[in-house]
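Entries follow in the order in which I checked them.

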Protein chains: 2
Amino acid sequence: KDYSLPNASWSPDMVGLYNELLEKTTAGSWRRLPSYLYSGQFLKNFKSVIRNSTLVRTTKNSSLRFLTKMVAEKEGHGFEYAIFHNPLEKKCICLFQPGPHLEGLPGIIHGGALGTMIDSTFFITAYRSADAIFTGTMTIVFKSPVILGSVVRLEARVTGTEGRKVFLSCEAQNSDRTVLFAEASDCHIPLHPQEGMG
Amino acid sequence: KDYSLPNASWSPDMVGLYNELLEKTTAGSWRRLPSYLYSGQFLKNFKSVIRNSTLVRTTKNSSLRFLTKMVAEKEGHGFEYAIFHNPLEKKCICLFQPGPHLEGLPGIIHGGALGTMIDSTFFITAYRSADAIFTGTMTIVFKSPVILGSVVRLEARVTGTEGRKVFLSCEAQNSDRTVLFAEASDCHIPLHPQEGMG
């Protein structure tokens, strides 16, 4: 099941932005990315390498689940999101509606939840645009609090490379882009298949 | 219910470190902090201010839950942790056992989950030591991957102040402190009760 499709918990704002981006996929270079319960489902090249590593053998596979899908069955309670990728421009737009299970201070989003969505958007951008998968250093500047249930529009892009490192930046804004919730920068590092996991 | 008490999912490593710290609470200045499903349960001074704000009235209170307690009923699946505070030294130690629902790359922790635990430890340290509650800028340097089910020992401390800002640093290591998983820095900003939420 693809968990990035609209469901009944999505607000009109969220659905509106989603439909705008979906329209762009029919004409231009934008693509809608599906999203699954397990990370192995969206990793192409590295999947077999990582699945064979000692890291995986130490865990119980039956209950493994991608962090943002912790409560995926409870529609609207956790991370509701959809990510669109533009390979030519090396950027992603993520539409994110944080549910009531992502609380930090009363009524507003936990910094870790916004950080998780920023990290995931960085990951997808780096992976899809440059095959880089490990997060190196991430910096987040929190500007204003996000009310639970509102819509966050994240836009991440590759800003440059240095050796094997891929640098990215991200802005998190409200639906009409008049409020800046957070700015972030990040570097990602590729995994060469022959290296395994360390 | 206090969700920071040992349960059947805790590994011997986790229980061992917990008992070491518990011992320190009987003699010195360390305190074990309880941990609840809702953030309002651990906020003392700011609770009424924040509960009255417009931010809270827009959300459905019945399903609100602190991010790290998303799947608290499934022991061992999500964030298992206990935080100890030393008010004299203005620092906290958090013992954290990430469960299989916190996956990023196959078999290892999502950067956002480690970031969430770092952010929560920073928050508690800043709040308990300096009444500061808003995260300003957080930087995390990821050094080596954390295997799901292993133990992470986080130590955060106040490193200084500048005007109203409180600066902190944090190290995340393995149980015997021979592997550095991540280093982080952070600034927190106090909320004055008369200010409300903005």
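Is Glu155(A) buried or exposed? I looked up its relative accessibility and found 11%, so Glu155(A) counts as buried. My cut-offs: buried is under 20% relative accessible area, exposed is over 50%, and partly exposed lies in between (1.4 Å probe, protein chains only).

Basis of the entries. I am working on a predicted model, where local features need pLDDT of at least 70, side-chain atom pairs count only at pLDDT 80 or more, and totals for chains, interfaces and linings use all residues. Residues are numbered from 1 along each chain as its sequence is written, chains are lettered from A and ligands numbered from 1 in the order in which they are written, and side-chain values use heavy atoms, with hydrogens and water left out.

Salt bridges. I counted a side-chain nitrogen of Lys or Arg within 4 Å of a carboxyl oxygen of Asp or Glu. My search of the whole structure gave 14 salt bridges over all chains.

Entry, Glu155(A). I found its salt bridge to Arg153(A), with the closest N and O atoms 2.8 Å apart. Arg153(A) is buried as well, at 10% relative accessibility.

Entry, Glu73(A). This residue pairs with Arg65(A) in a salt bridge, and I read 3.0 Å between the closest N and O atoms. Glu73(A) is exposed, with a relative accessible area of 52%. Arg65(A), in contrast, is buried at 10%.

Entry, chain B. I noted a salt bridge between the side chains of Arg32(B) and Asp2(B), at 2.7 Å from N to O. The pair links distant parts of the chain, 30 residues apart: Arg32(B) sits in strand S1 (residues 31-33), Asp2(B) in the segment before helix H1 (12-27). Helices (H or I, at least four residues) and strands (E, at least two) are DSSP runs, numbered from the N terminus. Arg32(B) is partly exposed at 24% relative accessibility. Asp2(B) counts as buried, at 17%.

Entry, network. I traced salt bridges that share partners, and they join Glu89(A), Lys91(A), Arg153(A), Glu155(A), Arg157(A) and Arg177(A) into one network.

For contacts I took heavy atoms within 4.5 Å. The same surface serves both copies, as 100% of the contact residues of chain B recur in chain A.
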